[in-house]
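Please read the points below beside the sequence and the model. They are written for someone who has not seen this structure before.

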Amino acid sequence: MTAQISRRSTLKIAGIAAGAAGLGVGTGLAATPASAAGAAFAHPGLLHTSADLARMAAKVKAGARPHTAGFAKLTANPHSQSSWTPRPVATVYRGGGSPQNYAQLYKDVHAAYQNALRHHITGERAHADTAVRILNAWSGTLTSVQGSADRFLAAGLYGYQFANAAELVRDHDDFELDRFKTMLSEVFAPLSDDFLVRHNGAVITNYWPNWDLANMACVLATGIFCDDKAQVARAVDYFKNGEGLGAVRKAIPVVHDDGLAEWLEAGRDQGHALLGVGLMGTFCEMAWNQGVDLYGYDDNRFLKGAQYVAKWAMGGKVAYTANTRAKGAVNGWSGRETASDAAGVDPNMTRPIWAMIANHYTKRRGLDASYLTRMAAKAAPEGGGGDYGPDSGGYDQLGFGTLAFTRDRATAAEADAAPTASGSDTGSAADTGSAAGAGSGKKDARDTSSSSSASAQGDRGEDLAATGTSDLPAWTAAGGIAALTGGLLLLRRRTRSGGGDAPQG
């Protein structure tokens, strides 16, 4: 088990960062920052802002379509019922030989989110009370997440989802806000921080993009929820400059002449590629609601990658660049896998990921995204946890995008007020250098450390034991604090932590 990273030490770093300029939260389409109490970030401000919640309620009350169809999916879901009873445990296990009880966690997380969302749309207090009861039960009980390498997936996925559920009821009279912050900061975020540093003792390409993206989402969501500027800065910087495969130019390594950009995990299998797109979209949406535009970063690189996956998932032919991915432990067992083409697809496979992404690019930005639009229409109305199968994969996204993200086209004034899209607002000088190449229609140079595999095996097959302790995340200690353009403090990890362990089994 990975030792817990000291939250007190992390807060020391946050304190150093607090004296610098903030994130430059935008206006208009982005959420307005909460300034009355001196908070660092806008609340609510993860996947949904106050304006978003008001829009959903108004559309449903007016009987607008497709919002009403999306709301019907929410009310029909058993997790959204105010009679839901939580089942918290002190230790959650995912993977390994321990009792597998993590289903109790993800089902309760989705019940809290769905009840909180339902409350905002209907105004029914019982649903808010149920969400708070679930969240308080877990924050008063949970002390650790353990298991095989899958514990990092649990921390990343359920950490960001928990934060989103709690964000919707953070002002409820009975909500134990400080205790919930402590749980996020001491149980979930340390595992995600540690994974992004050490990757479970593995070589940097051992874990696919969705592993990084889940943990990036947890770090970002926890930072926003807890008003921790340094934590948010780390997450944003990792999206742009991270060494792992979740960084945007490694998850989407090649931009083709047709304007589509291949998704690395298309060389693995369809399900995990869809998961990765959904997680990157979630990350971009949470950042956008705090005035940071990662949707448009690097000449809309994510748009090009999402369009690629949408076309491929509908059975369209897409280009794929042959690559080889290194696997194994640092200074231990090693192997290599080669992918020469995108994997086969099932055109009927879907996840509730498309409405959020399609509406951002076509309605907020007024851009053409034909494949995304078609996929969103095909998937509508999107459901949520429990609607896409009984196992954990059916709970990887919070969902209900048709209800939550269907929006009217932005006016010209609103579009002008959106957060700035470039590497210059929060990135380093190196960020802006590749944007022109990405937008030119020419292929990017392949980063060999971003290689993929044709393997469709589950993530458990790449489990590596993780050991070692640290008082500070290595990406903080090794990278130091850098004051970059726009006044944002980015804590960049310049070197990887060594000392990997031998793989299990």
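1. Helix α13 is followed by G366, whose phi is positive, near 70 degrees. Helices here are DSSP runs (H or I, at least four residues), numbered from the N terminus. This is a predicted model, in which local features need pLDDT of at least 70, side-chain atom pairs count only at pLDDT 80 or more, and totals for chains, interfaces and linings use all residues. Residues are numbered from 1 along each chain as its sequence is written, and side-chain values use heavy atoms, with hydrogens and water left out.

2. Buried means under 20% relative accessible area, exposed over 50%, and partly exposed in between (1.4 Å probe, protein chains only). Among the buried residues of α13 are W354, M356, H360, Y361 and R364.

3. Two loop residues other than glycine have a positive phi. H199, in the loop between α7 and α8, has a phi near 50 degrees and counts as buried at 1% relative accessibility. D227, in the loop between α8 and α9, has a phi of about 55 degrees and is partly exposed at 25%. Most residues other than glycine have a negative phi, and most peptide bonds are trans.

4. Cis peptide bonds also deserve a look. One joins H43 and P44, with omega about -5 degrees; P44 is in the loop between α1 (7–17) and α2 (50–61). Another joins R65 and P66, with omega about 10 degrees, and P66 is in the loop between α2 and α3 (67–76).

5. The structure holds 18 aromatic pairs. Rings of Phe, Tyr and Trp (its six-membered ring) pair if their centres lie within 6.5 Å; planes under 30 degrees apart count as stacked, over 60 as edge-to-face and the rest as tilted. The ring centres of F152 and F195 are 5.2 Å apart and the planes are at 45 degrees, so this pair is tilted. Because F152 belongs to helix α6 (residues 150–167) and F195 to helix α7 (residues 177–198), the pair ties together parts 43 residues apart in sequence. F152 is buried, with a relative accessible area of 0%, and F195 is buried at 0% as well.

6. F239 and F283 have ring centres 5.6 Å apart and planes at 5 degrees, so they are stacked. This pair links distant parts of the chain, with F239 in helix α9 (residues 229–241) and F283 in helix α11, 44 residues apart. F239 is buried at 0% relative accessibility, and F283 is buried at 0% too.

7. Ring pairs link W138, F162, F175, F180, F188 and F225 into a cluster. The charged end of R170 sits over the ring of F225, 4.6 Å from its centre (the cut-offs are NZ of Lys or CZ of Arg within 6 Å of the ring centre and within 35 degrees of the ring normal).

8. T222, in helix α8 (residues 209–225), is buried at 0% relative accessibility. Leaving aside residues up to four places away in sequence, T222 touches L184, S185, A189 and Q231, where contact means heavy atoms within 4.5 Å.
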